[in-house]
Amino acid sequence: METIGFIGAGTTGTALAVRLSQKGCPVVAVSSRTLASAQKLAGLVPGCRVYDTAQELADAVDLVFITTPDDAIAMVCRQVSWRAGQSVVHCSGAHSVNILEPARELGAAVGSMHPLQTFADVSQAVENLPGSTFALEAEDPLLSRLKDLASLLNGKWVELRPGQKVLYHAAAVFACNYLITLVKLSLDLWHEFGILPQEGTQALLPLLEGTINNIRTIGLPGCLTGPIARGDLGTIQRHLSALEATDTALLSTYQELGLQTIPIAIAKGKVDGQRADEMRALLMRAESFADRDSEGAERPRSLATLNSGRCLNAPNSHHYVQSDNKGGKK
Ligand SMILES: NC(=O)c1ccc[n+]([C@@H]2O[C@H](COP(=O)([O-])OP(=O)(O)OC[C@H]3O[C@@H](n4cnc5c(N)ncnc54)[C@H](OP(=O)(O)O)[C@@H]3O)[C@@H](O)[C@H]2O)c1
């Protein structure tokens with residue numbers, strides 16, 4: 001069986017090395033910027049030897065994973081004298097396989113194998129890796145080999161054609177990174193009624209888990225709930241008014257996401273075209289939301305009457321402030 005080595009002993013490299021080794025793949029070599037990181041990875045993988053340089057590692061194995069940060073991949077690739085019959089693979093989601101052109105020119109087979117997963121630290125990466133989807137770019141026979149490795153890790157794969165990688169990665173940013181941003185925005189609003197981020201996070205987790213569960217079991221569009229799914233203009237109007245008074249940056253995010261949510265509500269079938277147009281008009285309205293009700297009629301600007309008596313008319317900041325243990329702001 002071909003021998004495998006890793007250049008870059010960080011979270012992704014260590015997770016792949018540990019899990020592939022556990023599945024019987026001969027992960028026999030590692031090198032990294034620092035000896036300490038390489039030794040740490042080698043300590044987790046039986047039979048894995050530490051090499052001082054990327055060149056020595058490349059000379060010793062058949063399949064090399066470059067698992068450095070994205071910005072170092074091209075430099076590492078250029079530094080090594082690759083050989084024909086060898087395979088070189090990177091794990092970046094943003095870069096295409098073309099970044100390995102120097103290796104291809106020297107006769108090596110090149111590919112990319114991006115785990116569609118979030119790795120915050122090594123132990124969590126080792127835990128989360130199995131079952132992930134992998135985005136693969138390569139030509140056979142390397143492509144087939146990467147599919148085998150994905151299967152060994154209980155994963156699925158998608159094959160990407162040249163030019164598709166950047167949009168693929170932007171999509172991952174929406175589903176992963178911006179989900180965290182949305183939780184943070186939600187916690188900013190909880191802060192407005194005096195609840196600390198840690199407490200708020202605990203409160204939101206069952207909601208987040210329920211949402212993920214509904215995506216898994218019901219799927220889109222059926223899993224969408226909430227005022228836009230119901231076509232509930234009055235509630236949307238109240239949200240807009242309250243957000244306008246609290247934080248205009250959050251208001252524009254709410255408007256944009258609301259507009260993106262309308263097609264899901266239509267697809268779910270609970271909202272007809274006319275109600276969708278009304279929601280769109282409400283969300284796109286430029287003038288003050290607080291001055292009009294959901295039918296568009298003028299009304300007094302009284303935030304205290306919004307949100308069932310809970311007034312969000314707080315200072316225009318959503319940064320966390322120190323609080324006492326009972327959640328009260330200092
Ligand atoms: N983290 C994720 O969620 C995730 C998910 C999917 C894909 N990826 C991809 O996986 C790759 C690695 O990301 P990561 O998050 O695992 O990064 P990371 O934890 O920062 O690890 C990168 C490792 O590369 C080493 N390194 C840096 N420059 C080097 C060089 N010039 N030569 C040799 N080694 C070098 C560092 O070594 P020292 O420790 O020795 O300094 C570090 O251990 C990236 O392409 C990334 O896009 C990451």
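**Entry 1: the chain overall**

I counted helices and strands to begin with: the protein chain has 13 helices and 8 strands. Helices here are DSSP runs of H or I with at least four residues, strands are runs of E with at least two, and both are numbered from the N terminus. The model is predicted, and local features need pLDDT of at least 70, side-chain atom pairs count only at pLDDT 80 or more, while totals for chains, interfaces and linings use all residues. Residues are numbered from 1 along each chain as its sequence is written.

Next I looked up burial. Of the 330 residues in the protein chain, 33% are buried. A residue is buried if 20 or more other C-beta atoms lie within 10 Å of its own, exposed if 12 or fewer, and partly exposed in between, with C-beta atoms placed from the backbone. I also checked contacts between residues at least 6 apart in sequence, and 57% of them join residues at least 24 apart. Contact means that the C-beta atoms of two residues, placed from the backbone, lie within 7 Å.

**Entry 2: around the ligand**

Which residues are closest to the ligand? I found Gly8, Gly10, Thr12, Thr34 and Ser37, in a shell of 26 residues. To be in that shell, a residue needs its C-beta atom, placed from the backbone, within 6 Å of the molecule. Helix H1 (11-22), helix H4 (70-79) and strand E6 (109-116) each give two or more residues to the shell.

I sorted the shell by class and got 16 polar, 8 nonpolar and 2 charged residues. In this scheme Ala, Val, Leu, Ile, Met, Phe, Trp, Tyr, Cys and Pro are nonpolar, Asp, Glu, Lys and Arg are charged, and the others, Gly among them, are polar.

**Entry 3: helix H1**

I stayed with H1 for a moment. Its 12 residues reach 17 Å from first C-alpha to last, close to the 16 Å expected at 1.5 Å a residue. That expected span is 1.5 Å times one less than the number of residues. H1 is mostly covered, with 10 of its 12 residues buried; among them are Thr12, Gly13, Leu16 and Arg19. After H1 comes Gly24, whose phi is positive, near 95°.

Two packed helices are described by the angle between their axes and the distance between the axes. I used lines fitted to C-alpha atoms over the stretch in contact, with angles from 0 to 180 degrees between N-to-C directions.

How do H11 and H13 run, parallel or antiparallel? The axes of H11 (residues 233-246) and H13 (residues 273-284) come within 11 Å and cross at roughly 10°, so the two are roughly parallel. Angles under 35 degrees count as roughly parallel, over 145 as roughly antiparallel, 65 to 115 as roughly perpendicular and the rest as oblique. Leu233, Ile236 and Gln237 of H11 meet Glu278, Met279 and Leu282 of H13, which gives 4 nonpolar, 1 polar and 1 charged residue.

Then I took H12 (residues 248-268) with H13: the angle is about 175° and the axes are 9 Å apart. H12 and H13 are therefore roughly antiparallel. On the H12 side I noted Gln255, Gly258, Leu259, Ile262, Ala265 and Ile266, and on the H13 side Ala276, Met279, Arg280 and Leu283. By class, this contact has 7 nonpolar, 2 polar and 1 charged residues.

Back on H11, I found 11 of its 14 residues buried, so H11 is largely enclosed by the rest of the structure. Its buried residues include Arg238, His239 and Glu244. They pack against helix H8 (165-192), helix H10 (227-230), H12 and H13.

**Entry 4: Thr133**

Thr133 lies in strand E7 (residues 133-137). I counted Thr133 as partly exposed, because it has 14 C-beta neighbours inside 10 Å. Beyond neighbours within four places in sequence, Thr133 is in contact with Leu116, Gly155, Lys156, Trp157 and Val158. I checked Gly155 separately: it is 22 residues from Thr133 in sequence and 5.3 Å away, C-alpha to C-alpha.

**Entry 5: backbone notes**

I looked at two cis peptide bonds. Asp140 to Pro141 has omega near 10°, and Pro141 sits in the loop between E7 and helix H7 (142-152). Leu220 to Pro221 has omega near 0°, and Pro221 is in the loop between helix H9 (197-217) and H10.

Is Asn154 buried or exposed? I found Asn154 exposed, with 12 other C-beta atoms within 10 Å. Asn154 also has a positive phi, near 60°, in a residue other than glycine, and belongs to the loop between H7 and strand E8 (156-159).
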